[in-house]
Amino acid sequence: MDIHQFLELFVGRWRSQRSDHQFSKGNGSDTRSVIEITALNVDDPELMAICQKYDIDPNTVMHPMKMSWEEESLSSNKPKGNALIVPVPNNLDSPQKGLMLTKQGKGVYELGADEALTIHTVTAQNVIEERIWYGNPNLRFRVATLLQGDLASDRCVQSSKFYSEIRSIPPKA
């Protein structure tokens, strides 16, 4: 599977089960949510804004998308949010590596030989490392680890989240 096929599989509605562990607090939680991922057009205003923020030509992005989610809960408080996912390959002839732009920051991605996408995002105090892979086209797994420190120093795991996601509605044709 190449990066184009991998990213095309993102689109659709997913039911997500997340297991979360905060190492400093010694506790964990399980959460269910619904995730909707839609492809963006190159002329989308949000995409144009994020490209402008990072001084990136919108014509160089690959499979930009918008993700929105809402947690399932019996209470009236149902956390929700959205994010843009904007991959920018280092080289159009070999797009397996590149930048990953979001509203929150800029990271780097690499699709490995094991067909898992790894994304590293560096913030002021932390590194977020995320790995994403597919069991099949409608079953996706993710692990997100929040590390204290930067890529060059010793890092300490602050939290880890494991997601198993099943596509409930495929992308619209």
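A: **Pockets and their surroundings**

The count of disulfides comes to zero, a disulfide being a pair of cysteine sulfur atoms within 2.5 Å. This is a predicted model, in which local features need pLDDT of at least 70 and side-chain atom pairs count only at pLDDT 80 or more, while totals for chains, interfaces and linings use all residues. Residues are numbered from 1 along each chain as its sequence is written, and side-chain values use heavy atoms, with hydrogens and water left out. Cys51 counts as buried because its relative accessibility is 0%, whereas Cys156, at 45%, counts as partly exposed (buried means under 20% relative accessible area, exposed over 50%, partly exposed in between, with a 1.4 Å probe and protein chains only).

A pocket here is found on a 1 Å grid over the protein atoms alone, as an open set of points where a 1.4 Å probe fits, with protein on both sides within 12 Å along at least five of seven lines, and its lining residues have an atom within 4 Å of a point. Grid points are joined across faces, edges and corners, and the volume is the space filled by probe spheres set on the points. Of the 34 residues that line the largest pocket, Met67, Ile128, Glu130, Arg142 and Tyr163 are the closest to its centre. Strands E1 (12–22), E2 (27–39), E3 (65–72), E4 (80–89), E7 (117–122), E8 (126–136), E9 (139–148) and E10 each give two or more residues to this lining, strands being DSSP runs of at least two residues, numbered from the N terminus. By class, the lining of the largest pocket divides into 16 nonpolar, 10 polar and eight charged residues, where Ala, Val, Leu, Ile, Met, Phe, Trp, Tyr, Cys and Pro count as nonpolar, Asp, Glu, Lys and Arg as charged, and the others, Gly among them, as polar.

Strand E10 (residues 156–169) also contains Ser164, which is partly exposed at a relative accessible area of 24%. Leaving aside neighbours within four places in sequence, Ser164 is in contact (heavy atoms within 4.5 Å) with Arg15, Ser16, Gln17, Arg140 and Phe141. The C-alpha atoms of Ser164 and Gln17 are separated by 5.4 Å, although these residues lie 147 residues apart along the chain.

The second largest pocket has a volume of about 180 Å³, and its lining includes Val11, Gly12, Arg13, Ile169 and Lys172. E1 and E2 are the elements that give two or more residues to that lining, and its largest share, four residues, comes from E2.
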